[in-house]
Amino acid sequence: MARAIWTGVVTFGLVTVPVGLYSATEDHTVHFHQLQRGTADRIRNRRVNERTGDEVGTGDIVKGYEVGEGEYVLVEPEELDEIAPGRSQTIDITDFVDLEEIEPVYFDRTYYLAPRGKEYTKVYELLRAALAQSNRVGVATFVMRGKQYLTALRAEDKILVLQTLHWADEVRDPGKELPELPSGRAGKGKELDMALQLVDSLSGPWEPSRYRDTYQEKVRELVKAKAEGQEVAAAEEAPAATNVVDLMQALQGSIDQAHGGKKKQAGSARKTAPKPAARTSRRTAGRKEQPKAARAASRERGAGKSELRQLSKAELYERATEQDLPGRSKMSRQELIDALSRTRGRRKKTSAA
């Protein structure tokens with residue numbers, strides 16, 4: 001049974017529940033030691049004085065923050081300990097927000113939270129059920145191992161999950177950091193219709209067990225083959241980038257390939273559970289009509305909040321740049337949506353006047 005890596009309490013309002021924090025994931029990476037070529041001698045890292053080449057003991061090492069070339073402010077380990085927030089015993093929920101408002105880039109590591117004793121399960125389940133039914137997460141901070149974390153506490157089936165979040169100043173602005181972004185909404189017309197058909201053809205339920213780390217499997221095969229004196233075939237080269245001229249042909253070929261795979265699956269399924277042909281044809285017809293209908297509905301909604309929420313932060317930032325919104329580089333995704341929506345409202349009032 002797993003051991004808790006942190007224990008404390010979760011508080012929301014005046015309600016408190018003792019909990020333990022457990023790692024939700026484990027690493028399956030194949031790890032190697034470093035050896036000197038031609039020997040079985042392990043290579044070890046040492047702390048060495050850059051100028052003299054002499055090894056330095058841990059007790060003689062201090063931290064230095066460079067303020068200029070060759071100039072450092074020295075900080076002793078105990079000085080850092082004195083200003084550290086200490087080992088917090090509390091995950092204090094200060095806010096509840098809609099889950100979809102937190103962009104994926106903010107999420108970091110995942111942990112499980114469990115009640116520390118049967119007598120606390122009722123309060124624990126009360127919080128879990130409230131989060132599940134409201135589709136909200138509890139935003140909280142806590143300290144573990146000398147570091148403070150921003151976290152999102154959310155509900156899953158029978159359990160509370162705690163996910164650490166990046167702080168706002170740790171998330172880079174794609175509009176500033178990325179060298180190339182589309183100048184406009186590139187997807188449109190027949191190309192978009194075909195892309196939507198391809199997405200629909202490849203759509204299915206989320207089944208995480210279907211996916212596996214094939215690279216780690218290849219690493220294990222390589223190690224086993226070398227141990228037995230065998231050779232392993234090299235992997236295929238990555239495919240070349242699709243030329244814009246060949247885009248339609250590539251999309252059509254992908255759709256045909258996806259439909260071909262589904263026909264094989266449907267053929268094997270019909271042997272055990274045949275389905276009426278009329279039902280299949282109605283479903284196929286619906287798929288062909290769906291992209292145009294969806295696009296028409298989107299145009300009817302205009303540039304209101306419902307449409308803006310469907311855009312990525314990069315697309316929202318692009319619109320904000322076109323409208324020269326002040327302070328856009330520091331806005332979150334939700335703030336960009338609100339600002340663009342307000343701008344549109346002001347323009348409507350001006351037009352009406």
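Visitor: How many aromatic pairs does the structure hold?

Guide: The structure holds three aromatic pairs. Before we look at one, please note that this is a predicted model, where local features need pLDDT of at least 70, side-chain atom pairs count only at pLDDT 80 or more, and totals for chains, interfaces and linings use all residues. Residues are numbered from 1 along each chain as its sequence is written, and side-chain values use heavy atoms, with hydrogens and water left out.

Visitor: What makes Trp-6 and Phe-142 an aromatic pair, and which kind of pair is it?

Guide: Rings of Phe, Tyr and Trp (its six-membered ring) pair if their centres lie within 6.5 Å; planes under 30 degrees apart count as stacked, over 60 as edge-to-face and the rest as tilted. The centres of Trp-6 and Phe-142 are 5.0 Å apart and their planes make 75°, so the pair qualifies and is edge-to-face.

Visitor: Which parts of the chain does this pair tie together?

Guide: Trp-6 belongs to strand β1 and Phe-142 to strand β7, so the pair links parts that are 136 residues apart in sequence. Strands (E, at least two residues) and helices (H or I, at least four) are DSSP runs, numbered from the N terminus. Trp-6 and Phe-142 also form one aromatic cluster with Tyr-149.

Visitor: Are Trp-6 and Phe-142 buried or exposed?

Guide: Both Trp-6 and Phe-142 are buried. That word means under 20% relative accessible area, while exposed means over 50% and partly exposed lies in between (1.4 Å probe, protein chains only).

Visitor: Why is Arg-154 called buried, and what is Glu-156 called?

Guide: Arg-154 has a relative accessible area of 18%, which falls under the limit for buried. Glu-156, with 33%, is partly exposed.

Visitor: What about Arg-212 and Glu-217?

Guide: Their side chains also meet in a salt bridge, at 2.9 Å from N to O. Arg-212 has 59% relative accessibility and therefore counts as exposed, whereas Glu-217, at 30%, counts as partly exposed.

Visitor: How do you know that Lys-218 and Glu-221 form a salt bridge?

Guide: The closest N and O atoms of Lys-218 and Glu-221 are 3.9 Å apart, so they are within the cut-off. These two residues sit three residues apart in helix α5 (residues 214–227), which separates them by about one helical turn.

Visitor: Which strands close into a barrel?

Guide: Seven strands do, in the order β1-β2-β6-β9-β8-β7-β5, and the pairing is mixed. From one strand to the next, the twist averages 40°.

Visitor: Why are β6 and β9 said to pair?

Guide: Two strands pair if DSSP finds at least two bridges between them. β6 and β9 have five bridges, so they pair, and in the antiparallel sense. Leu-113 stands opposite Leu-160 in β9.

Visitor: Which residues of the largest nonpolar core touch the most other members?

Guide: Val-10 and Leu-113 do, in a core of 20 residues. A nonpolar core is a set of buried Ala, Val, Leu, Ile, Met, Phe, Trp, Tyr and Cys residues joined through side-chain atoms within 4.5 Å. A second, separate core of 10 residues includes Leu-308, Leu-311, Leu-316 and Met-331.

How values were computed: Salt bridge = Lys/Arg side-chain N within 4 Å of Asp/Glu carboxyl O. Axes fitted to C-alpha atoms, helices over the stretch in contact; angles between N-to-C directions.
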